[in-house]
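Visitor: I would like to learn how to read a model like this one, feature by feature. Could you walk me through it?

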Amino acid sequence: MSNRKQRKEQVDTKIKPTPPAERRAVQVDPELLLSNTSLALVTLVNLATLTFISRRGASYTEPLYGNIFSRHLYNEVTLSCLVGGFALGYFSKFKGSSIPYCYSLIGVLLSCTYTPGLLLLSEADTLGPWIAPHVYQAFFVYPICFLVGLTSSSGGRTFAHLLSPSMEMFKSILYLWGVLILINKWGDLFRFDTTCDRTLLLASISTFLSLVLKWGPSNIATAPKKPASLMKKGLLLAGTILAISSIYYTNSYVAQCQRGVSETLHNRPESEWSIVAREENNFGWVSVVEEPKDRNIRVMKAGHSLIGGIYLNTNESIFGSFYFMEAALDLKRPQSGQEKALQIGLGIGVSASSLLQKGVEVDVVEINPTVYQYARNYFQLPTPTQVYLQDGRGFIETAPTGHYDYVLHDVFTGGSVPPSLFTQEALLHIKRILKPDGILALNFVGSPSAPGNLTMAHITHTLKQVFPEILCFTEGEERHTLHNLVYFGSQYPLRWRKNIQEDDPINMRAEMMSQLRYNPRWKVDTTYDSNFVSIITDRSNPLPNLQTTSSWEHWKACLLCRTKHHSYTRAAAHFRRVLLKQASIPTLCCWICSNQGISRAASNRSIEYLWSDSMPVKATPSKRVRDRGTHPCAPSDVSAPMKPVSQTPPPMRTLNKNSA
């Protein structure tokens, strides 16, 4: 009996199931898992890195290519790299002992973003705006996303086994999904001062974490301590030294990462331009740059675009069309009491300043506080009635009904406009806050000719759904390049007032107002084929896709001006120098020298009435205009009559300092 009992006990022992804890220890290699402390550290650093990349990663290329090209497929590629790294790490059973080397490489990539990264970006410019941003990101942002996904695979596996050993893949994916949700919901918790500060801080954290995970305490280390090979130790130490050296150099000697203006790094003696002020916030870089020698101008640059400029000796706008929006005051409407206007998008405050000088109360809505500060300090903007530093769409949704006589809508920046402010819903809110006979003045940068006129047609069609009466004007007669297209919209027919007090004829504003009123060639045809357009709404908004055409034209204008001012052999070296200054001289030149730039009529002629036989002809340059000097794009013979607009663009040619 005793032998039978012994055999039975042996059989029962063989078929007895393994306890869950023992089964988990048998099935899982300890080197694939992280400790609880290291899991928390890896999750936190990955969350901060991905939040920064998703919010500010595209800002590296935005000053050169604008927000359209910099963000084209950016989110899709970064997400693909993240998921690809996570899948590779999970199915290849990525070991936790390799995580320190991943973070060491992440630290090196982040620390090198502003040193060899900018030089690489200057060379990538020859590839065009569609490819060049991705070439740059392929060396920095995309590998970082892949490495973060690789390290997250170990975190996801550990997270799954902490809950239970069953359904490991599902719970690992749930871990990654939770990280992505935290990025969208609580990403604002990971805020630092500037993009450069954030980059270098994350580089320091990643480098320090690599050392802690490799040689830290046993409860933090990613694997049981084993003697590492000399090569692995050398790689980790070399990565640490390279990251620290690059962080120090970038923080001390790279102009873009300096706070404020450094006379030694930003304003070099050989440069025509000097940076007066610069600041970065959550909306990108804002700079005030001036060229006091030849053109004697000062401009404000926000991201990729110039948002305004003045002549230093006359304080007049270098863009004649910026005076167009205040022409809303010259349109017929009954005047009763104190008039009020709302300016959405301030720029340097050309229109707001003119309206305030005429006694109109002006409320300003500007999303970028630095733009308002610089307009007050460097462009003589008077104190507005009220200032709201917030999003324009949010303001018009909560503003009181029937409060304003005029709404001035000008929100172009970065090579594009915010689509949410051009939808039918946004225009209906503007109509609501206007008085019944109020007037909307809306500026849009586009082209009246194909293929850019499709964007204009959509905006025109949407405007007509809200404001039955509209007019559109642009500066000059050329229709084949980008222009400031200024719309006026109202519920009643738009007619110019009579007996308007004329300003001094040598004043640029008076010249622009005269052209706007009397020159029929500056009026833009707003007819379109309704079969090819649709109403722009919040639910269906084609503007993000349509603006790629105008952004392409804008970038080509910048490229043309770079080749005009610098030969092909010198372009790369000059471009590197400009990049490190964070005040893109090619971008400045593109706006000043393109057809969208300084008003030719205002810079070289006081008034040219070339509209009809019944109007007088005046082509004598005014004294104030002559004092400004020759416009860089003006014909060398100022007194020569204007030639008809050619249907084909002129050939590209190299300019010297004294020719156009």
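Visitor: Thanks! How many contacts beyond four places in sequence does the model have for residues 187–192, where pLDDT stays under 50?

Guide: Two ideas come in here: pLDDT is the predictor's confidence in each residue, from 0 to 100, and a contact means heavy atoms within 4.5 Å. For residues 187–192, the model has 11 contacts beyond four places in sequence. Residues 560–660 also keep a pLDDT under 50, and there the model has 197 such contacts. The average pLDDT of the protein chain is 75, with 69% of the residues scoring at least 70.

Visitor: What ground rules apply when I read the rest?

Guide: This is a predicted model, where local features need pLDDT of at least 70, side-chain atom pairs count only at pLDDT 80 or more, and totals for chains, interfaces and linings use all residues. Residues are numbered from 1 along each chain as its sequence is written, while side-chain values use heavy atoms, with hydrogens and water left out.

Visitor: How many helices and strands does the protein chain have?

Guide: Helices (H or I, at least four residues) and strands (E, at least two) are DSSP runs, numbered from the N terminus. Here the protein chain has 23 helices and 11 strands.

Visitor: In what order do the seven strands of the open sheet with mixed pairing run?

Guide: Two strands pair if DSSP finds at least two bridges between them. In this open sheet the order is E7-E6-E5-E8-E9-E11-E10. Strand E7 (386–388) and strand E10 (469–473) are the edges, each with a single partner strand, so one side of each has no neighbour in the sheet. On average, neighbouring strands are turned by 15° against each other, direction ignored. For such angles, axes are lines fitted to C-alpha atoms, for helices over the stretch in contact, and angles run from 0 to 180 degrees between N-to-C directions.

Visitor: Which helix lies across E9, E10 and E11?

Guide: That is helix H17 (residues 453–466), which runs at about 15° to E11.

Visitor: And what is the order of the four strands in the antiparallel open sheet?

Guide: Their order is E1-E2-E3-E4. The edges are strand E1 (274–281) and strand E4 (305–311); each has a single partner strand, so one side of each is left without a neighbour in the sheet. E1 and strand E2 (residues 284–291) pair over seven bridges in the antiparallel sense, and valine 288 in E2 is the bridge partner of alanine 277. In the loop between E2 and strand E3 (297–302) you will find asparagine 296, whose phi is near 60°, a positive value in a residue other than glycine.

Visitor: Which residues touch the most other members of the largest nonpolar core?

Guide: A nonpolar core is a set of buried Ala, Val, Leu, Ile, Met, Phe, Trp, Tyr and Cys residues joined through side-chain atoms within 4.5 Å. In the largest one, with 54 residues, they are Met300, Val362 and Phe488. A second, separate core has 41 residues, including Phe94, Cys102, Val141 and Leu150.

Visitor: Is serine 152 buried or exposed?

Guide: Serine 152 is buried, with a relative accessible area of 3%. This serine sits in helix H9 (residues 141–163). Its C-alpha atom is separated by 9.5 Å from that of isoleucine 99, 53 residues apart along the chain.

Methods. Buried < 20%, exposed > 50% of the residue type's maximum accessible area, 1.4 Å probe, protein only.
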